[in-house]
Amino acid sequence: MSAVPAEEAPSWQDQILPILKSFDVRHLVYVPDAGHAAAIRAAELDNGIVSLALTTEEEGIGYLLGAHLGGERGALLMQSSGVGNCLNTLALQTMTRFPLLMLVTMRGDWAEFNPWQNPMGQATEAALKLMGVRTCRADQPGDVPHLVHGAATMAFNGDEATAVLLGQSLVGEKKWVK
Amino acid sequence: MGKQLLDRRAASAALLQDRGDLLVVTGLGSPSYDAMAAGDNDLNYYLWAAMGSAATVGFGLAMTQRDKPVLVLTGDGEMLMGLGALASIGQKLPPNLTIAVLDNGHYGETGMQKSHTGNGLELARFAEAANFPWTRVIEDMAGVAELRDRIHAKEGTSFAALKIAADELPRALPPRDAVHVKNRFRAALGHSTI
């Protein structure tokens with residue numbers, strides 16, 4: 001599959017990592033997505049942050065529990081499809097109660113070209129809620145910093161699982177080429 | 001000479017002997033009972049579910065407590081569910097992390113159905129493929145003693161498959177209150193609750 005990458009990341013993407021760092025986040029663990037590219041790139045250049053690619057998203061839940069046991073904070077970045085991979089492992093958070101901050105870029109949500117993304121994308125928020133995760137949703141670029149700040153506050157000050165869903169329209173329409 | 005498989009409790013107790021500042025994460029089922037049987041400890045974190053997560057919890061712990069040895073003690077079935085974790089660990093290779101798999105080739109918690117390792121797969125080769133600098137298949141107590149020293153040396157990410165007998169031993173149940181276990185673990189490291 002090939003898609004034309006966005007020429008320049010929207011500015012909300014550049015605001016994510018500084019907000020996380022203001023909460024003393026030291027571990028950024030992720031399965032990559034275009035919407036997270038700026039934060040991942042910035043984390044890789046930052047000596048104060050462990051940037052870690054995962055093979056599947058639920059690894060991040062275990063990793064962040066381990067980091068919390070060790071006394072440090074992190075955040076998990078993924079695409080909406082990854083939420084489906086996480087469901088059973090979310091029991092770790094429910095039972096242990098540790099800060100689990102997830103930033104989820106949406107697919108199957110708005111102007112989706114690939115219908116295979118739609119089933120999980122449409123079920124993402126309900127699935128998170130079923131497993132006890134607090135969710136909020138950003139569809140306007142200006143809402144992103146505010147909501148990430150709010151979700152991080154509730155995760156780190158309340159040992160909660162929180163997820164910010166970053167609507168597909170924020171990332172923009174993928175331009176598919178044959 | 002017939003091959004004598006290791007006793008899981010004797011092997012676990014030997015690994016946890018004179019543990020000092022060792023941090024331990026156990027995988028669901030028998031490895032949690034084995035660690036408990038060797039003696040409950042504030043620096044044990046026992047998993048009761050989230051199958052496949054033991055290695056990743058130990059990984060996150062090893063990346064934050066870099067001056068302490070971290071041992072993941074789990075079973076073959078639990079490790080098989082999280083094989084991708086070996087690839088993720090392989091990118092960072094914290095030298096203080098050891099994964100020890102108590103490998104009896106069976107799913108002990110669900111009726112002793114044969115697992116993939118029981119059908120001939122060798123987990124240590126996955127760890128080797130993931131660039132772990134030290135991997136072993138351990139079949140005797142001398143090998144267990146070597147592994148115990150390796151854990152405390154913190155000289156490179158280590159992986160060992162311990163070939164144990166498929167015995168069903170009396171259960172030694174660790175606490176199931178994960179919040180309690182988390183809080184005492186963190187307190188032992190000097191961290192507060194919320």
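The face of H7(A) turned away from the buried side carries two exposed residues, His146(A) and Asn157(A). Exposed means over 50% relative accessible area, buried means under 20%, and partly exposed is in between, with a 1.4 Å probe and protein chains only. This is a predicted model, where local features need pLDDT of at least 70, side-chain atom pairs count only at pLDDT 80 or more, and totals for chains, interfaces and linings use all residues. Residues are numbered from 1 along each chain as its sequence is written, chains are lettered from A and ligands numbered from 1 in the order in which they are written, and side-chain values use heavy atoms, without hydrogens and water.

Helices are DSSP runs of H or I with at least four residues, numbered from the N terminus. H7 of chain A covers residues 143–158. Its 16 residues reach 22 Å from first C-alpha to last, close to the 22 Å expected at 1.5 Å a residue; the expected span is 1.5 Å times one less than the number of residues.

Which residues of H7(A) are buried? They are Val144(A), Pro145(A), Leu147(A), Val148(A), Ala151(A), Ala152(A), Ala155(A) and Phe156(A). They cover an arc of only 170° around the axis, so they lie on the same side of H7(A). The arc is that of the directions from the helix axis to the C-beta atoms. After H7(A) comes Asp159(A), with a positive phi near 50°.

Now H1(A). Buried here are Trp12(A), Gln13(A), Ile16(A), Leu17(A), Ile19(A) and Leu20(A). Their arc is only 165°, which puts them on the same side of H1(A). Exposed Ser11(A) and Ser22(A) are on the face turned away from that buried side.
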